[in-house]
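The sequence and structure are shown here first.

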Amino acid sequence: MLSNDATILKIKHEVLYQVAKAAYAGNLEERKESIPYELIPGPQAKFRCCVYKEREIVRQRIRLAEGKCPQGEDRPGSDNVIQVIEAACADCPLSHYIVTDNCRKCMARACKQACKFGAVSMGRDRAYIDPEKCKECGQCAKACPYNAIADLIRPCKKTCPVDAITMDDNGICQIDEEKCIACGKCIHACPFGAIGSKTDIVSIINDIRGGKSVIAMVAPSVEGSFGNNISMDSFRTACKKLGFEDMIEVGLGGDMTAGAEAKEWLEANKEGKKMTTSCCPAFVNMIRKHYPELVDNMSTTVSPMFAVSRMLKSKNPDVKTVFIGPCIAKKSEKQDKSNEGNADYVITVGEFRAMLRAKNVNIEPEEIKTQQASIYGKRFGNGGGVTAAVLRCMEELGEDPSKYTVEKCAGAAECKKALTLLKVGKLPADFIEGMMCEGGCVGGPSRFMSGKNDALVAKDRDTLLNQADDRGVYENLGNYDMDAFSMHKEA
């Protein structure tokens, strides 16, 4: 049972844990109806107006944990990775503009005079804005001499870099699938926990219990987030205890992507063509949906996740591959089944932790015995890490990397600026490294901090990475059959 000081975030992870536990036990269908009552025993509500709403939110979260739309599969946008939990969203303030205690009910009535829709009236203590009449033009806020009218832009809408969030007539958020780039910023911005993403944990556990070959692929950005003594070997051991057949470092995929992208960039440069990276799925989604004229400038090299999955499937076509990392957008990348060999499942670090709890598995310190990636592949998730790896590959190919310039973008604002410059033909650099998260993948929306701040996590990460040997990228790739699969997206 949850403690009285539990937060919405704790409830979210508690639901994931309970679902994972039931899936491992094989009794999820029987337990789905009892989980809301176990988490919200009542009779007093803890967070909402009543226990009935709290239980309904838990029910909708259970559907998300099953990989389903929380409100039903027949709803518009039900295929989208990111979903609104309507029962939770209903608690968000409906009014865009609201009058605060700064209102002095001045005789000028500037706010009322400025409103052309008759939405402003004078109440007993302050002015009042009728949400039914308000057109959210903002003229009343501009006119108020006391700055007493606040602009309550919803946090989810405010943080969305592509303006994909609107509200329906009932004030419930709607996510435009044609605009959404699945960056996941809205999920962690919502103070009501009303936005979440579909998860694959039930399908993964069912495959494990069904005796299928399931292999985990851990993102390089995860290294160091659990402490400076939790190595990739630690993750491999933990994954096997969960039922995975094995675990592969996606840093190896970073080597694969850098090696292929370097050759592609060099060829494009000879033709006078500027290129962008293709490893960040949110950046790729931004290009496809908001800068479609630049699709031809995007690298055709597959992402590190995709590369490792293809390698594994070239050896065993029946294997199920599972990517584990801090990225929400990887879930949208997984949905692209037009390219053979893509990952079957994607889970966040938080969802992985729910699986660990469900099986009572702890990630234990373990000496580094295996290194599957070069240091460049291991740093692929850092801001500028892709550029460093690609330039290193150019150097290994006999090229002078100093001849080439790369616009390294971290965060939506920098990405949009660079893409706009490329679109109008004014980008000074030869290439663009686009990472939608500030700091790169290590700054992903679902990263695990283990109670530390970014600086301490970075220090732990460097401690681990400094133990890696200095093998070259192509030297490392020589250990693998790179001819067994393609490193490029299919047309």
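Ser 221 has a relative accessible area of 9% in this predicted model, and because that value is under 20%, Ser 221 counts as buried. Its place in the chain is the loop between strand S9 (214–218) and helix H11 (232–242). When its neighbours within four places in sequence are left aside, Ser 221 is in contact with Pro 326, Cys 441, Val 442 and Arg 461.

H16 itself is largely enclosed by the rest of the structure, since eight of its ten residues are buried. The buried residues of H16 are Val 349, Gly 350, Glu 351, Phe 352, Ala 354, Met 355, Leu 356 and Ala 358. Following H16 is Asn 360, which has a positive phi near 55°.

H12 contributes Ala 258, Gly 259, Glu 261, Ala 262, Trp 265 and Leu 266 to the contact, while H18 contributes Val 386, Ala 389, Val 390, Cys 393 and Met 394. The residues of the contact of H12 with H18 divide into nine nonpolar, one polar and one charged.

Helix H13 (residues 281–290) is likewise described by its burial: seven of its ten residues are buried, so H13 is largely enclosed by the rest of the structure. The buried residues run through Pro 281, Ala 282, Phe 283, Val 284, Asn 285, Met 286 and Ile 287. Among the elements covering these residues of H13 are strand S11 (275–276), helix H15 (329–334), helix H19 (412–423) and strand S15 (431–435).

The largest nonpolar core has 136 residues, and of these Ile 82, Phe 244 and Met 436 touch the most other members. Helix H1 (residues 8–25) supplies the largest share of this core, with nine residues. Apart from its neighbours within four places in sequence, Ile 82 is in contact with a set of residues including Ile 175, Cys 180, Ala 182, Gly 184, Cys 186 and Ile 328. A second, separate core is made up of 14 residues, among them Val 99, Cys 111, Val 120 and Cys 140.

Ala 182, one of the contacts of Ile 82, is found in the loop between strand S7 (173–175) and helix H9 (185–189). Ala 182 is buried, with a relative accessible area of 4%. Arg 109, in the loop between strand S2 (97–99) and helix H6 (110–114), is partly exposed, with a relative accessible area of 25%. Most residues other than glycine have a negative phi, and most peptide bonds are trans. The table gives the backbone values that depart from this pattern.

| Site | Backbone value |
|---|---|
| Arg 109 | positive phi of about 50° |
| Ala 182 | positive phi of about 60° |
| Asn 360 | positive phi near 55° |
| Gly 42 and Pro 43 | cis peptide bond, omega about 0° |

Pro 43, which takes part in the cis peptide bond, lies in the loop between helix H3 (35–39) and helix H4 (51–65).

Strand S2 also holds Ile 98, which counts as partly exposed at 38% relative accessibility. Although Ile 98 and Asp 151 are 53 residues apart in sequence, the distance in space from C-alpha to C-alpha is 6.9 Å. Leaving aside its neighbours within four places in sequence, Ile 98 is in contact with Ile 129, Ala 148, Ile 149, Ala 150 and Leu 152.

Note on methods. Residues are numbered from 1 along each chain as its sequence is written. This is a predicted model: local features need pLDDT of at least 70, side-chain atom pairs count only at pLDDT 80 or more; totals for chains, interfaces and linings use all residues. Side-chain values use heavy atoms; hydrogens and water are left out. Helices (H or I, at least four residues) and strands (E, at least two) are DSSP runs, numbered from the N terminus. Buried means under 20% relative accessible area, exposed over 50%, partly exposed in between (1.4 Å probe, protein chains only). Contact means heavy atoms within 4.5 Å. Ala, Val, Leu, Ile, Met, Phe, Trp, Tyr, Cys and Pro count as nonpolar, Asp, Glu, Lys and Arg as charged, and the others, Gly among them, as polar. A nonpolar core is a set of buried Ala, Val, Leu, Ile, Met, Phe, Trp, Tyr and Cys residues joined through side-chain atoms within 4.5 Å.
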